[in-house]
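Have a look at the model first, then read on.

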Amino acid sequence: MEQLLLGIDIGTSACKVALFNRRGEVLSQSNKGYPLYYPQPGWVEQDPDEWWEAICAGIREVLDNSGVRPEDIAGIGIDGQSWSAIPVDRDGNCLAKTPIWMDTRARDICERVKEEVGFDRIFAVAGNDFLPSYSTPKMLWFKEERPEIFEETYKFLQSNSYIVYKLTGVMSQDMSQGYGIHFFCNKTCTYDAELAEELGLSADLVPDILPCHAVAGTVTEEAAQATGLAPGTRVVAGGLDAACGTLGAGVIKKGQTQEQGGQAGGMSICLEEALAHPKLILSPHVVPDKWLLQGGTVGGGGVLRWMKQEFGEGASFDELTSLAEKIPAGSDGVTFLPYMSGERSPIWDPDAKGVFYGLSFDKTKGHFIRAALEGVAYALEHNLRTAAEAGVEADELIAMGGASNSILWTQIKADVTGRKIKVPTSDTATTLGACILAGVGVGVYDSFEQAAEETIVITREQQPDENAHEQYKKSMELYLELYDDLKDTFRRFR
């Protein structure tokens, strides 16, 4: 009987569960949503137990629809959204909702810690700025603002490690998600206990580090009852969703670059050494001895989803983008800043707001939609230009996520960046990456290279249009200038 692999992706708006054969073909998949909570301005939370409920339902649906025997699943890989801070007690009970990657409640803590400990001291170890989106400031927030929860906390877990725990009863910390913890040394992939103490924390508050493809444990009887999985099925540590998506897109060699088109946007450039830039994000890849220099933006597929929800009047995504297709490159001067929940790299401004500029009576709904698509592409280009400042050049882009299903949006990104874009089987890149981790970890594949060769198929390539690229160079100048002109206003009226 063929060995199968199960991938679980803990996204921001939903979890995806997909069952693959060893050739990377999807046998069955499920998508289950869950809410976000906004209890106060700047706060964005999710309930990890609602993730678990959705995942249990998704696994059962996948098994029922595929008709496969649970015993034929050789391994399970789990990827998850970044920068969680899930407090659990010694029995693994979740003590509070987790602030997610969009949450900025710890901004004042960040400013104080950078003054007390020093930016240079933190950056030398972490390779990342000390910002409210990351896990460490959220851990400190619990310590200072919810001391009763902090005192009960045995470990802080990441999104995927929480689900690994629910499946196996084992608490783990995968290597790729370590970058959200500032006393994790990006170069050595170990904890710096001394820096942890300087930050007012302890390295004991996080689990031991595992390679992403290492088997963390096996499915317990209790988890088997909840999910329909076979007890004893091996579960690997898993990794960061962007890194698993990068693997699932085939980005495993230096210079290859994943372009992310999920709820959030961004890019991940594969490196052979830990090269940091203070305005970008450095993390270990899920592939051993590789790193990713990442740009993570708030604006991504979520921008078009928001427009469809609020202004789509029942239209499909294709119907919306068909309106945008009629508008020329540059949207006749309409420019969109896609800072819908502040912005991450490279400006790191929690006060930034979404802005449409250049409206007049002759502008149409199509102008709004195309400007939104272009704004997300400008954010991508801003990150690529910042990476070049660190001497890191992206080669061709390999797109993934739901946004890459749009030929128009992919072409806009190619035209804005001036780079060829390849599109693999986009909707499943992230869960496929999680499955490749499991496959390598349990011996279905001999290596990551073999797994990529056997599973990843490029469905199309899109070349930049030189005339459009020249127009977008001018539009990009306006995009950058608008933020520079507005950033003080954002701060004054936050």
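The points below take up one aspartate and then the cysteines.

1. Please keep in mind that this is a predicted model.

2. Is aspartate 174 buried or exposed? Its relative accessibility is 1%, so aspartate 174 counts as buried, the cut-off for that label being under 20%.

3. Next, look at what surrounds this residue. Beyond the neighbours within four places in sequence, aspartate 174 is in contact with Asn160, Leu210, Cys212, Ala237, Gly238, Gly239 and Leu240. Take leucine 240 from that list: 66 residues separate leucine 240 from aspartate 174 in sequence, while their C-alpha atoms are 8.5 Å apart in space.

4. A polar contact of 2.9 Å links it to the side chain of asparagine 160. The aspartate 174 side chain also reaches the backbone nitrogen of glutamine 177, at 3.0 Å.

5. Now to the cysteines. How many disulfides does a search of the whole structure find? The count is zero. Cysteine 110, for one, is in no disulfide, and the nearest cysteine sulfur, belonging to cysteine 185, is 20 Å away. Cysteine 110 is also buried, because its relative accessible area is 1%, against a cut-off of under 20%.

6. A disulfide would need the sulfur atoms within 2.5 Å.

Terms used
Residues are numbered from 1 along each chain as its sequence is written. This is a predicted model: local features need pLDDT of at least 70, side-chain atom pairs count only at pLDDT 80 or more; totals for chains, interfaces and linings use all residues. Side-chain values use heavy atoms; hydrogens and water are left out. Buried means under 20% relative accessible area, exposed over 50%, partly exposed in between (1.4 Å probe, protein chains only). Contact means heavy atoms within 4.5 Å. A polar contact is a pair of N or O atoms within 3.5 Å; within protein, one must be able to donate a hydrogen and the other to accept it, and residues adjacent in sequence count only if both atoms are side-chain atoms.
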